[in-house]
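Reader: I would like a close look at a single part of this model, namely the sheet and what can be said about its surroundings. Please take me through it in one connected account.

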Amino acid sequence: MLIDFSFSNYRSFKDEQSFSMKRDSRFDNGSFPGISTIAAIYGANASGKSNFLRAFSDMCHMVRGSYSQGNADTGVSRTPFALCAGAERSDSMFFSEFLAEDRQRYQYWFRFNDREILEEHLTFYRWMGDRLSTHATLLFAREATDIDFGTAFKGPRAQVRKTIELRPNALALSAAAAAGIASIQSAYSFFASNVVFCDALSFESEQPFILSQFSQETTFAKHLTKLIRYADFGIDNVVSAPADIPESLLESIKNQMREQFGADDDKVEQIFGSGHQMQLRFEHVGDDRNALLSMGDESRGTLVALSFFSLALRQLTRASVTLVDEIDTSLHPALVQELVALFTDPETNPHGAQLIFTTHDASLIIASGSEERLICPDQMWLVEKTAVGASELYPVTDLKVRREENLGRNYLNGVYGAIPKPSFHAMFAQIVNEEDTDGQEES
């Protein structure tokens with residue numbers, strides 16, 4: 001579970017930003033005490049909401065690929081703040097505190113520029129009986145290519161030290177994981193396996209997994225069919241059937257199955273081999289006949305819903321972190337509420353999986369009173385641009401909201417900020433009048 005995340009000098013964010021999943025005792029209902037399983041990020045268009053999610057996603061990507069991808073000459077891929085002279089010469093930083101699969105609490109952070117990793121630290125808190133120690137235990141601490149190891153680090157230290165000397169742009173955590181060092185595997189797995197980022201419009205990224213499940217007629221596919229049938233889209237069944245798919249798209253799907261879902265060549269050929277190109281088909285039941293329709297015949301909302309159902313089914317079976325950008329795109333508000341609610345109920349979320357999403361949907365926060373709320377004040381965050389174009393992230397609780405406050409109504413009324421300029425309507429009217437005047441003069 002993610003506890004805290006901080007970052008600086010990343011895309012539209014210039015200064016250090018701090019985000020937390022810790023519950024405020026005033027709003028904690030005890031379902032998942034101490035740490036929240038949901039967080040909703042609100043803000044105007046182009047405020048930086050998506051960039052916040054990308055920051056955490058990019059931290060995970062760096063942990064997964066900084067050692068295996070590139071070489072000593074490729075430097076470090078990053079996108080610093082662009083609207084300030086010298087920002088490209090300033091360092092960027094990522095920090096995370098989290099509970100890993102071994103239930104230990106870890107703190108991991110690194111600082112970097114375009115060329116190399118400047119600092120990197122990994123510590124954890126040991127279990128002392130039934131509680132975690134308040135004193136951090138060092139796994140390793142690094143400055144440039146110099147690295148010190150704590151006594152808890154078990155494994156070939158010389159190999160890791162040699163790697164970062166040759167590859168100053170590689171993270172020590174990535175190098176240690178590649179060397180098979182067990183003492184850091186839980187921390188590495190949190191970033192490499194437990195965090196998933198998805199765009200609400202990118203059904204294609206989930207399609208290879210869904211297609212593989214229906215091609216193999218798995219239990220997962222049967223469960224997914226039940227959900228899509230229950231959602232009342234008029235679909236009675238989903239099957240995998242031969243289809244004409246362009247060769248370029250087919251290769252793209254195969255590569256996604258290998259890279260994102262770990263499918264080996266045998267599994268890929270089992271699904272796509274012997275010249276059979278498979279595609280999802282949706283069975284609709286009519287009065288006197290059934291029709292098997294292709295994905296091209298289905299609405300965008302149906303495909304997005306199927307993607308989210310699949311993602312939720314996978315993520316709720318483990319202690320995962322799911323990042324969803326624009327969760328309300330192409331989905332009915334009632335369905336969005338149902339999907340979010342899955343992560344707030346211990347019965348549907350037995351492992352404490354977390355959902356962090358951006359949205360414009362005020363219906364999720366419109367209720368007042370703690371009994372009816374889906375999202376509490378300590379689970380709502382806002383992103384707003386400053387006068388110099390820099391994004392800033394802050395929790396609604398910083399605004400001293402009352403316990404029974406109607407968050408949605410106040411947000412839409414501009415009480416919290418982070419909405420489009422209220423003068424937009426007046427500005428649009430002025431431009432229309434100017435255009436109308438110009439047109440009359442020309443005629």
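Author: Strand β15, residues 321–325, and strand β16, residues 354–358, run parallel to each other and are paired over four bridges, and within this pairing V324 stands opposite F357 of β16. The model is a predicted one, and in it these two strands belong to an open sheet of six strands with mixed pairing, whose order reads β11-β15-β16-β3-β17-β18. The edges of the sheet are formed by β11 (195–199) and β18 (391–395), each of which pairs on one side only, while neighbouring strands are turned against each other by 15° on average, with direction ignored.

Turning to the nonpolar cores, the largest has 58 residues, and those with the most contacts inside it are F19, F56, Y108 and I356. Helix α1, covering residues 49–65, gives the most to this core, with eight residues. Apart from this core lies another, of 54 residues, which includes V324 together with F220, F309 and I365.

Helix α10 provides the largest share, five residues, and the lining as a whole divides into 13 nonpolar, three polar and two charged residues.

How values were computed: Residues are numbered from 1 along each chain as its sequence is written. This is a predicted model: local features need pLDDT of at least 70, side-chain atom pairs count only at pLDDT 80 or more; totals for chains, interfaces and linings use all residues. Side-chain values use heavy atoms; hydrogens and water are left out. A nonpolar core is a set of buried Ala, Val, Leu, Ile, Met, Phe, Trp, Tyr and Cys residues joined through side-chain atoms within 4.5 Å. Buried means under 20% relative accessible area, exposed over 50%, partly exposed in between (1.4 Å probe, protein chains only). Two strands pair if DSSP finds at least two bridges between them. Axes are lines fitted to C-alpha atoms, for helices over the stretch in contact, and angles run from 0 to 180 degrees between N-to-C directions. Ala, Val, Leu, Ile, Met, Phe, Trp, Tyr, Cys and Pro count as nonpolar, Asp, Glu, Lys and Arg as charged, and the others, Gly among them, as polar.
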